[in-house]
Amino acid sequence: MKLLTFAILCGSCAWGQVQSQDAVHVFPVQGNVSMLVGPGGNTTVQMGKEGIVVVDTQTAAAAPQVMAAIRKLSEAPIIWVINTSLDADHISGNEALLRLGGSSEASLRARVITHENVLNRLVAAAGQARVADAASINDTYFRSPKDFLFNGEAVMVYHMPAAHTDGDSIVLFRRSDVISSGDIFTPDHYPVIDLANGGSVQGLLDGLNRILEMAVAGKYQEGGTFVIPGHGRLCDEADVVEYRDMVTIIRDRIQDMVKKGMTLEQVKAAQPTMDYDPLYGATSGPWTTDQFVEAAYRSLNTRGIK
């Protein structure tokens, strides 16, 4: 019944209403895992007798709302935090959320995990906010996967190199059969390829294919493994397939244009994303279609064509 209710809510009209509000909304997914939808994107929560795992904490400003949503699920302390990338809307809520929901007992101090590339880039970045984000991290991993058993469930953290950034993680809750993908998969817009922080279009495709290797479809390709994206609606394997195919087709189109010696302006004029723009495109906001095309072009252009 919970999944049916969620599926009805995920219709485009209702989902738009959820996304437009500042409050954080709670949606049970399956097993021990729920999804929180808020102004900073999506947060994944796994809870049980041992405590709470949080994947991506959104922003410091959203921490009171995120904590209030978590308390609708459990009164237990937050024991694990996993950050899937260095983006502020995934990591900047760490300290504030733990002040509100972490344990005061030293033996239950929360472990905050991310890939070491995230910590290295935060330390190297200028700005007080980035220094504070780095200070909240107390556990990094290099070799993939990082895994631990919690609430009777194996939690597997996998590094996806050179994808959205060079420090991306995806998290598999093995018994619940839920994947938290971070910004490798964002079904409401074209993928953000952060070239300055080590991202690439090919690495992003590799990450999407890795998700598909881990996911199993349910009957008639519906349900099965659920995927909680960094932003956007709850998805399953079929949704990731459609998104992966879209990125592959656009990658191939732009790659062919690069091989022909076309400049960036010529590629933009050719509109390689035109047939997908109604679903994923944007002309304004934090990530536009033009920005996606430019990032893909620069990622694929190894000959320095301008």
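Trainee: Which residues does phenylalanine 185 touch, leaving out residues up to four places away in sequence?
Mentor: Quick caveat: this is a predicted model, with local features needing pLDDT of at least 70 and side-chain atom pairs counting only at pLDDT 80 or more, while totals for chains, interfaces and linings use all residues. Residues are numbered from 1 along each chain as its sequence is written, and side-chain values use heavy atoms, without hydrogens or water. A contact here means heavy atoms within 4.5 Å. On that basis, Phe185 touches Leu208, Ile211, Val227, Pro229, Gly230, Cys235, Asp239, Val240 and Tyr243.

Trainee: How many residues are in the largest nonpolar core?
Mentor: A nonpolar core is a set of buried Ala, Val, Leu, Ile, Met, Phe, Trp, Tyr and Cys residues joined through side-chain atoms within 4.5 Å. Buried is under 20% relative accessible area, exposed is over 50%, and partly exposed lies in between, with a 1.4 Å probe and protein chains only. Phe185, Leu208 and Ile211 are among the residues with the most contacts inside this core, whose size is 42 residues.

Trainee: Which element gives that core its largest share?
Mentor: Helices (H or I, at least four residues) and strands (E, at least two) are DSSP runs numbered from the N terminus. Elements supplying at least two core residues each include strand S9 (153-160), helix H8 (201-214) and helix H9 (237-259). The largest share is eight residues, and it comes from H9.

Trainee: How many residues make up the second, separate core?
Mentor: Val24, Ile70, Leu97 and Leu122 are included in it. The second core has a residue count of 26.

Trainee: What is omega for the cis peptide bond between serine 144 and proline 145?
Mentor: Most residues other than glycine have a negative phi, and most peptide bonds are trans. Proline 145 sits in the loop between S7 (139-141) and S8 (146-150). The bond joining serine 144 to proline 145 is cis, with omega about 0°.

Trainee: What is phi at alanine 162?
Mentor: Alanine 162 lies in the loop between S9 and S10 and is partly exposed, at 26% relative accessible area. Although it is not a glycine, its phi is positive, at about 50°.

Trainee: And at aspartate 177, what is phi?
Mentor: Aspartate 177 is in the loop between S10 and S11 (178-182), partly exposed at 25% relative accessibility. It isn't a glycine either, yet phi is positive at about 65°.

Trainee: What is the radius of gyration of the protein?
Mentor: The radius is taken over C-alpha atoms, and the globule rule is 2.2 Å times the number of residues to the power 0.38. For 306 residues, a compact globule would have a value near 19 Å, and the protein agrees, with 19 Å.
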